[in-house]
Amino acid sequence: MTDSQQTKRLHVIIAGAGLGGLTLGAALLQKGFDVDIYEQSPELREVGAGLWISANGSRVMDALGLKDAMEAINLPPHDRVVRFWKSGEQRSVYNRDAKADHTLVQVLRAELQRILYEAVVKIKPDAVHFGVRSTGARTVGGRAQLIFEDGSHAEGDVVVGCDGAHSRVRQSIFGPAPARYTGANAWRGIAPMHKLKPQHREPLASTWVGPTAHVTTYPVQRDGEEFVSFSAQVDSETWQTESWSERGELPDALKDFEGWHQDILDLFINSENLFRWGLFVRDPLERWSEGRVTLVGDACHSMTPYLGMGVNMTMEDAYVLVRCLEKTPGDVEGALKRYDAARIERANRTKAKSLEMLRIFHSSELANSESAWPYIEKQWSPQAVRERYDWLLAYDATTVEI
């Protein structure tokens, strides 16, 4: 039997139809694997959140043949700037001359999820099973099983947990992973552009920095309507639930950002909805695979959003995993060990570097303009930005050695 014939017979079971599960499913199906994805929600959830895909994630989307579909939902920035929290003064930090590609693709999460879902069902219409809650996974008799809440299970050659930071698959194979509060709460929302002042319509990716908080804002679109997506992190001794779909209240947001420029307050005031949650971290895992079960994305390396790398790391994971399975389809457990070796060090380094950024974004030197601008010039100089991002953006999951 040839490798290609063996590949077509391999059946991969995926827990979770988020961005990781759908990216993985699309890549596997395109390579000739059989795939079934089990999602606990009754349907794809419409979550009002933006995200950006950097060059490393874009390479995966291009390899999936989804470059044009992604560009159709993109609202690209003309510049990327850092802004002072009180006055809104700004400086450009867009590295057009960097060796790595610093281009950002800015999309709504729900729109990206939609095009990935369509790529999956185009090849296998019944691949995604909604309303099925998984509780864990195991390897039994040389087969992989995803266990469901009712006690039944789905069996295949591999099970992949793409079930997020609270992953039941991870817990079932590696035990509990206690979450530690980072000392920051997060806010997010999207504000319709037509409700905002003209300056909000500038096609900029902006990061507003202050002594105890920072806010990232950028334009996104849905069905031709434009919005400003924002994600804000603020130091807080008390924490909220670790759930990015937890509703927040406007008075609390305005209190957290008291004294900030009105442009930021306007985003909170005009947002379609507000979500608030606590930012937590877990100790990095030394391995992601056990037997014929492995993990992708937040299930194995949930990270803070300070480098904007969460979804990009997930896409990298998915594509490298597919390449490992494709390389040795007759040795699944060996392929998973190869996947661990290829991905864990990079993901854990990114996780650590992302958390370090909190101390840079929130600094007492940002309290007033006299000390803030020298600090901004140092921390967001072209050299500092290249050192922070080039090693991340140059990575190519489609060609990296495995």
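Strand E9 (residues 143-148) is largely enclosed by the rest of the structure, because five of its six residues are buried. Here "buried" means under 20% relative accessible area, "exposed" means over 50%, and "partly exposed" is anything in between (1.4 Å probe, protein chains only). The strand labels come from DSSP: helices (H or I, at least four residues) and strands (E, at least two) are DSSP runs, numbered from the N terminus. This is a predicted model, in which local features need pLDDT of at least 70 and side-chain atom pairs count only at pLDDT 80 or more, while totals for chains, interfaces and linings use all residues. Residues are numbered from 1 along each chain as its sequence is written, and side-chain values use heavy atoms, with hydrogens and water left out.

So who sits beside E9? On one hand there is strand E8 (residues 134-140), which pairs with E9 in the antiparallel sense over six bridges; two strands count as paired if DSSP finds at least two bridges between them. Within this pairing, Arg138 stands opposite Gln145 of E9. E8 and E9 make a hairpin with two residues between them, and Gly141 in the turn has a positive phi of about 55°. On the other hand there is strand E10 (residues 153-156), antiparallel to E9 and joined to it by four bridges. Ile147 has His153 in E10 as its bridge partner. The hairpin of E9 and E10 has four residues between the strands, and Gly151 there takes a positive phi near 95°.

Two residues of E8 are worth a look. Ser134 lies in E8 and counts as buried, at 11% relative accessibility. Not counting residues up to four places away in sequence, Ser134 touches Ala15, Leu146, Ile147, Phe148 and Arg168, where contact means heavy atoms within 4.5 Å. Thr139 also lies in E8, but at 32% relative accessibility this residue counts as partly exposed. Leaving aside neighbours within four places in sequence, Thr139 is in contact with Glu290, Gly291, Arg292 and Val293. Gln199 is another story: Thr139 and Gln199 are 60 residues apart along the chain, and their C-alpha atoms are separated by 56 Å.

Elsewhere, seven strands line up in an open sheet with mixed pairing, in the order E5-E4-E13-E14-E15-E12-E16. Strand E5 (90-92) and strand E16 (275-281) stand at the edges with a single partner strand each, so one side of each is left without a neighbour in the sheet. From one strand to the next, the twist averages 25°. Such angles run from 0 to 180 degrees between N-to-C directions, using axes that are lines fitted to C-alpha atoms, for helices over the stretch in contact.

Helix H8 (residues 262-270) lies across strand E12 (180-192), strand E13 (204-209), strand E14 (213-222) and strand E15 (225-235), and runs at about 75° to E12. In the loop between E14 and E15 sits Asp223. Its phi is near 55°, a positive value in a residue other than glycine. Most residues other than glycine have a negative phi. Asp223 is exposed, with a relative accessible area of 76%.

Then there are the helix pairs. Helix H3 (residues 55-63) and helix H10 (residues 310-327) pack at an angle of about 45°, with their axes 8 Å apart, and are therefore oblique to each other. Angles under 35 degrees count as roughly parallel, over 145 as roughly antiparallel, 65 to 115 as roughly perpendicular and the rest as oblique. Asn56, Gly57, Val60, Met61 and Ala63 in H3 meet Asn312, Met313, Met315, Glu316 and Tyr319 in H10.

The second pair is helix H11 (residues 332-361) and helix H13 (residues 382-393), whose axes come within 12 Å and cross at roughly 155°. H11 and H13 are therefore roughly antiparallel to each other. Their contact is made by Arg346, Arg349, Thr350, Lys353, Met357 and Ile360 of H11, together with Arg388, Trp391 and Leu392 of H13. By class, this contact has four nonpolar, one polar and four charged residues. Ala, Val, Leu, Ile, Met, Phe, Trp, Tyr, Cys and Pro count as nonpolar, Asp, Glu, Lys and Arg as charged, and the others, Gly among them, as polar.
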